[in-house]
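Please open the structure in your viewer and keep the selection panel at hand.

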Amino acid sequence: MVALARSPRPQPQSAETSAFEADVLAGLGATPKRLPPKYFYDVIGSQLFERITELPEYYPTRCEMRILRDHARDIAKLVPQGTALIEFGSGSSKKARILLRAVPPLAAYVPVDICGEMIEQEALDLRPDFPGLKVLPVTADITQNFALPEPAKAAPVRVGFFPGSTIGNFEPHEAAAFLRNAGRILGAGAALIVGADLIKPVEVLNAAYNDKAGVTARFNLNLLVRINRELGGTFKLDTFEHHAFYNRERHRVEMHLASLKRQKVKVAGETIDFRAGETIHTENSYKYSIESLSALARGAGWQPAGVWIDEREYFSIQAFKLPQ
Ligand code: AVI
């Protein structure tokens, strides 16, 4: 038998993969190189992030949980009976659980996240613990417009919940756009409860993003693992290093992946050149003051409606309302 030489057929791409490919090629083709942080959260990245939240140096999750537990009753006053509670970028719903225990009966709880597998699993775990609660997960990019399920649309009021300081991973103009979009999705009379990390001493910030166990480094490098797997990338992981530092002028922690040598890397058939020491900027984590977040929210049409912080003033939960 003669073996036929076949030219490789292009694999059909999902819309998700082609958006990933387009964003990665655009980011690696830019100067300086960058990659959007939303792509950290594949299944492995989401698991690594869960591990970060348990690290001794990473204070935000513990602080926010403490604030939620200490002030759940007060915060729950923003959530009247029959509300549809929409959680933006829910990941694991452990913070929502605290709120769900404090609020009166809801029309629905709608966790929205880009990682469909994770929220479907969370919904399965949540249902037996909250019998009678409609848990209606939506897989969507929270930076884009998305449709709410019917029971949430039909509810007399909608309250958004955006914990985790995820707002800090947006550029300020993107955060303003997110707040405006959330207002459109939630509608008149809505409330929005946002967790935001506060400006604090630089040593605390630098330690939180450079943990001794190296989990944040693995989280950062996992972006290259994902590009290798999903886009046929040829990144050699031991030739890139995790860098994280607080940029005082811009009130943000920056994460980068630095190339340890001059090299060429292939991604989706394209060749990318790296100089020794050149970095890919992978994340900004903006730190806010109460005033700076509230100014941003006002500019997006929201009125301040409450602030709760921890004793050390490391983290804040801030509430906003839209006029009727
Ligand atoms: C999800 N986000 C709020 C985290 C943060 O702190 O900016 C992501 C993270 N990056 C490194 N460690 C944690």
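Predicted model: local features only at pLDDT ≥ 70, side-chain atom pairs only at ≥ 80, totals over all residues.

Widening the selection to residues 84-88 and residues 108-113 gives you strands β2 and β3, which run parallel and are joined by five bridges.

Next, bring in the rest of the sheet, an open one of seven strands with mixed pairing, whose order you can follow as β4-β3-β2-β5-β6-β13-β12. At its edges, select β4 (138-139) and β12 (303-309), each of which pairs on one side only.

Now select residues 172-186, which form helix α7, and turn the view until you see this helix lying across β2, β5 (158-162) and β6 (191-197), with its direction at about 150 degrees to that of β5.

The last stop is the ligand, which 14 residues surround, the closest being Tyr58, Asn169, Tyr209, Glu283 and Ser285. Show the side chain of Tyr58, where an N or O atom is 2.5 Å from an oxygen atom of the ligand, and then that of Ser285, where an N or O atom is 2.6 Å from a ligand oxygen atom. For Glu283, look instead for a nitrogen atom of the ligand, which lies 2.8 Å from a polar atom of the side chain. How much of the ligand's accessible area does the protein cover? Of the 340 Å² that the ligand has on its own, the protein covers 97%.

How values were computed. Residues numbered from 1 in each chain as written. Heavy atoms only, no water. Pairing = 2+ DSSP bridges. Helix = DSSP H or I, 4+ residues; strand = E, 2+ residues; numbered from the N terminus. Contact = heavy atoms within 4.5 Å. Axes fitted to C-alpha atoms, helices over the stretch in contact; angles between N-to-C directions. Near = heavy atom within 4 Å. Polar contact = N/O pair within 3.5 Å; in protein donor to acceptor, adjacent residues only side chain to side chain. Areas by Shrake-Rupley, 256 points an atom, 1.4 Å probe, with all protein chains shown as cover.
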